[in-house]
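Trainee: Could we go through this structure together, slowly?
Mentor: Gladly; have a look, and then ask whatever comes to mind.

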Amino acid sequence: MKSIINELWHGNIIPQEDSRTNSKEMKELLSYLSRHHEDLEKSFTDEQKEVFEKFHDCWSEYMSLAEAAIFEYAFKLGMQIAIETLTNSN
């Protein structure tokens, strides 16, 4: 059995990639987002494309920070549950 910590360290487990595309609904939404993104870009002037690209970059950075915060919170919560389970004498 492989060590989960070792797998995380070596980059063999990438939660943010696995969690984004694991359900049919999420895959459909990603497809819709991509299609609408392309349609929007086709209708923009060069100036609007530049503003939209800046917006998209900021949104991507925000989502990356939010995903990291959620992962950290969920990991800590899971560890607290594990500790409580292991130390509970009932």
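Mentor: Searching the whole structure turns up two salt bridges, where a salt bridge is a side-chain nitrogen of Lys or Arg within 4 Å of a carboxyl oxygen of Asp or Glu. Please keep in mind that this is a predicted model, in which local features need pLDDT of at least 70 and side-chain atom pairs count only at pLDDT 80 or more, while totals for chains, interfaces and linings use all residues. Residues are numbered from 1 along each chain as its sequence is written, and side-chain values use heavy atoms, with hydrogens and water left out.

Trainee: OK, which residue does Glu50 form a salt bridge with?
Mentor: Glu50 pairs with Lys54, and their closest N and O atoms are 3.5 Å apart. Both lie in helix α4, four residues apart, which is about one turn of the helix; helices here are DSSP runs (H or I, at least four residues), numbered from the N terminus.

Trainee: And is Lys54 buried or exposed?
Mentor: Lys54 counts as exposed because its relative accessibility is 52%, given that buried means under 20% relative accessible area, exposed over 50% and partly exposed in between, with a 1.4 Å probe and protein chains only. Glu50, at 47%, counts as partly exposed.

Trainee: What about Lys76, what does its side chain meet in a salt bridge?
Mentor: The side chain of Lys76 meets that of Glu72, at 2.9 Å from N to O, and these two also lie in helix α4, four residues apart.

Trainee: Changing topic, which residues form the nonpolar patch on the surface?
Mentor: That patch is formed by Phe71, Phe75, Met79 and Ile83, which together have about 410 Å² of accessible area. Patches are made of residues with over 30% relative accessible area and no salt bridge, like charges being joined within 9 Å and nonpolar side chains (Val, Leu, Ile, Met, Phe, Trp, Tyr) within 5 Å. Phe75, for one, is partly exposed, with a relative accessible area of 46%.

Key:
Areas by Shrake-Rupley, 256 points an atom, 1.4 Å probe, with all protein chains shown as cover.
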